[in-house]
Amino acid sequence: MRVFVLLYNVRKENEGIHSLQIGDRNVVLMFESEDDATRYALLLEAQDFMVPTVEGMEKEDIQELDYEWVFVPAGFVPEGTSDRLLLAPPETNLEKTDWQPEETKADLAETELDRIRRQLEGLL
């Protein structure tokens, strides 16, 4: 079954997946509907979080990862109920993540300059 998750820095070395911290657990949201995943990403953007990319993946691929996960049915309607589930982004973001946002070219240039500077200093 295909589900939709929220990723940061897609197909980059520092790719990360959006998760919610619930107690001491990190939980990945697997959306049944791409539209729902997109709406949730827009809610994150509205709260000044980094904007994730919605990516389709096989549900089994996510379940095999070392993450806890929650399946979010289309329309956020929990199975066995007719009530809509309010799924809102967290109020705060983590200060430190397991991944970092993609560095800008200026950051990369500065890092490269520092590396060259250290090499040259090592020659003296």
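Colleague: Which side chain does the side chain of E68 make a polar contact with?

Modeller: In this predicted model, the side chain of E68 makes a polar contact with the side chain of R25, at 2.9 Å. E68 itself is found in strand β6, which covers residues 68–72.

Colleague: What else is E68 in contact with, if we leave aside its neighbours within four places in sequence?

Modeller: With those neighbours left aside, E68 is in contact with R25, N26, V27 and V28.

Colleague: Let me step back for a moment. How many helices and strands does the protein have, and in what order do the elements run?

Modeller: The protein has three helices and six strands, and from the N terminus on the elements run β-β-β-β-α-β-α-β-α. Of its 124 residues, 30% count as buried. If you take the contacts with a separation of 6 or more, residues 24 or more positions apart account for 71% of them.

Colleague: What about confidence, what is the mean pLDDT?

Modeller: The mean pLDDT of the protein is 77, and 70% of its residues reach 70 or more. Over residues 77–83, however, the pLDDT is below 50, and this stretch has six contacts in the model beyond near neighbours in sequence. Where pLDDT is low, the predicted coordinates should not be read in detail.

Colleague: OK, on to the inside. Which residues of the largest nonpolar core touch the most other members?

Modeller: That core has 14 residues, and those touching the most other members are L6, L29, F31, A37, Y40, L44 and V54. The elements that give two or more residues to this core are β1 (2–8), β4 and α1, and α1 gives the most, with four residues. Apart from it lies another core, of nine residues, which includes V5, L7, V28 and F71.

Colleague: You listed F31 and Y40 there. How many aromatic pairs does a search of the whole structure find?

Modeller: The search finds one aromatic pair. It is formed by F31 and Y40, whose ring centres are 5.6 Å apart and whose planes are at 45°, so the pair is tilted. Both partners are buried, with F31 at a relative accessible area of 1% and Y40 at 0%.

Colleague: And which residue lies over the face of F71?

Modeller: That is K59, which lies over the face of the F71 ring at 4.3 Å from the ring centre.

Colleague: Now I62, please. Where does it lie, and is it buried or exposed?

Modeller: I62 lies in helix α2, which spans residues 59–64, and because its relative accessibility is 1%, I62 counts as buried. Leaving aside neighbours within four places in sequence, I62 is in contact with V5, I17, V28, M30, M57 and W69. For one of these, M30, the separation from I62 is 32 residues in sequence and 8.2 Å in space, C-alpha to C-alpha.

Colleague: What about S33, where is that one?

Modeller: S33 lies in the loop between β4 (25–31) and α1 (34–46), and with a relative accessible area of 16% S33 is buried. A polar atom of the S33 side chain lies 3.2 Å from the backbone nitrogen of D36. Not counting residues up to four places away in sequence, S33 touches F4 and A74.

Colleague: Last topic, backbone angles. What is phi for N9 and for D48?

Modeller: N9 has a positive phi of about 50° although it is not a glycine, and phi of D48, which is also a residue other than glycine, is near 65°.

Colleague: Where do they lie, and is each one buried or exposed?

Modeller: N9 is found in the loop between β1 and β2 (16–17), and N9 is buried, with a relative accessible area of 13%. D48 lies in the loop between α1 and β5 (53–58), and D48 is exposed, with a relative accessible area of 73%.

Key
Residues numbered from 1 in each chain as written. Predicted model: local features only at pLDDT ≥ 70, side-chain atom pairs only at ≥ 80, totals over all residues. Heavy atoms only, no water. Buried < 20%, exposed > 50% of the residue type's maximum accessible area, 1.4 Å probe, protein only. Contact = heavy atoms within 4.5 Å. Polar contact = N/O pair within 3.5 Å; in protein donor to acceptor, adjacent residues only side chain to side chain. Phe/Tyr/Trp six-rings, centres within 6.5 Å; stacked < 30°, edge-to-face > 60°. Lys NZ or Arg CZ within 6 Å of the ring centre and 35° of its normal. Core = buried A, V, L, I, M, F, W, Y, C linked by side-chain atoms within 4.5 Å. pLDDT = per-residue confidence, 0-100.
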